[in-house]
Amino acid sequence: MELSYLYYFKTIAETENMSRAAAQLHVSQPALSKAMSRLENSLGTALFQRKRGRISLTEIGKEYYNHVAKAFECLDDGQRVIDEYLRSSNESVVIAAPVSELLNDLILKFLDSHQHEDIRIAQYFYQPDDLKLKLLDGTLDFGLTPIPLDHSDLEQVKLMDEEVFLVVSKKHWLASRKTITLAELKHERFLVNEASFDLKIVTDNCLLAGFEPRVTLCSNETGVITEALEQNRGISLVPANVVYTKMLRDGDRSAVSALRITDVDVSRFISVAKRKDRILSENARILYRFAVKYFTGLGKAFEDHFSNIYPPFEPGERKSLFIREALDPKAE
């Protein structure tokens, strides 16, 4: 049974005239009559009685009309809920990520480029499981994450692959090198900055290289990790975004050096995730599209920048924890 047939039935019942109903519905009278015949056949009973060119509801037709009218009232109420939601959420966009440094530069760039628009952003940080729950319960418009969120009600689109480098103090014995194998680091002390790269991922990649990392410090305070690195208190695995920004900002004055890892594909993907049925407000759509453009552009910038600094390597030669094509590479 098609919803349009029920709407046709409701209109005919209210106008009590086939010609007027056809004009109101913008369909031909023969098409409308055929639709009503199909509806009556599917129900197994006559809804209208026709006498001398006039049309009126049968007794069962009147009862059926009451239920159909209530159904359309519920649909109208649902549309009002949607309209109210879009109006109420139009000034606020709620987003989150499991690591803080994933959003920082994005938000600053967005605010710079949208200074004259009245868009308010609420930004949060959640562990991956909490991020998934907040997306599912509707708290968030969308999330940005380097971690797969496996759920049938969520859509997750990969925006870029992000290489992870080894960063050491310029006082460190490895500072003069351009490349390193992760296996060479089994006796080193690791500093893990959970504001940018998760401890579990560090551990899993090291295990892939044949050893369990000796973690001296694990913190989500970037400043502590940076100071410990510069003072040569350990080494750290750092995503390309942070390395790229620091290289551009500090140049030759930088107190640290970055090395490309050649035996293990230590990397992460950046993705955008939201409920499949989430209706984004206009402001949320603006930020969503900005995030897609920002990260896809960033991925290309990284590829161009680092290919001029480090020796190339053949794709597929390195061990890897994940399949790069696991997510749909297209975004709206």
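Let's start at Asn-205: setting aside neighbours within four places in sequence, this residue is in contact with Leu-182, Val-264, Asp-265, Val-266 and Leu-321. Keep in mind as you look around that this is a predicted model. Asn-205 belongs to helix 7, which covers residues 199-208. Is Asn-205 buried or exposed? Its relative accessible area is 1%, and because buried means under 20%, Asn-205 counts as buried.

Two packed helices are described by the angle between their axes and the distance between the axes. Here, helix 1 (residues 3-15) and helix 2 (residues 18-25) pack with their axes 8 Å apart and at an angle of about 130 degrees. That angle makes helix 1 oblique to helix 2. The crossing of helix 1 past helix 2 is right-handed. Which residues of the two helices meet? Helix 1 brings Tyr-7, Tyr-8, Thr-11, Ile-12 and Thr-15, and helix 2 brings Met-18, Arg-20, Ala-21, Gln-24 and Leu-25.

Next, turn to the aromatic rings. A pair of them is described by the distance of the centres and the angle of the planes. How many aromatic pairs does the structure hold? There are 15. One of them joins Phe-142 and Tyr-288, whose centres are 5.3 Å apart and whose planes stand at 90 degrees, an edge-to-face arrangement. This pair links distant parts of the chain, since Phe-142 sits in strand 5 (residues 142-145) and Tyr-288 in helix 10 (residues 282-307), 146 residues apart. Phe-142 has 1% relative accessibility and so counts as buried; Tyr-288, at 2%, counts as buried too.

Another pair involves Phe-290 and Tyr-294. Their ring centres are 6.4 Å apart and their planes are at 10 degrees, so this pair is stacked. Why are Phe-290 and Tyr-294 separated by about one helical turn? Because they are four residues apart in helix 10. Tyr-294 has 14% relative accessibility, and therefore counts as buried.

Finally, look for a group of rings: Phe-165, Tyr-244, Phe-302, Phe-306 and Tyr-310 form one aromatic cluster.

Notes
Residues numbered from 1 in each chain as written. Predicted model: local features only at pLDDT ≥ 70, side-chain atom pairs only at ≥ 80, totals over all residues. Heavy atoms only, no water. Axes fitted to C-alpha atoms, helices over the stretch in contact; angles between N-to-C directions. Parallel < 35°, antiparallel > 145°, perpendicular 65-115°, else oblique. Left-handed = near helix turned anticlockwise from the far one by under 90°. Contact = heavy atoms within 4.5 Å. Phe/Tyr/Trp six-rings, centres within 6.5 Å; stacked < 30°, edge-to-face > 60°. Buried < 20%, exposed > 50% of the residue type's maximum accessible area, 1.4 Å probe, protein only.
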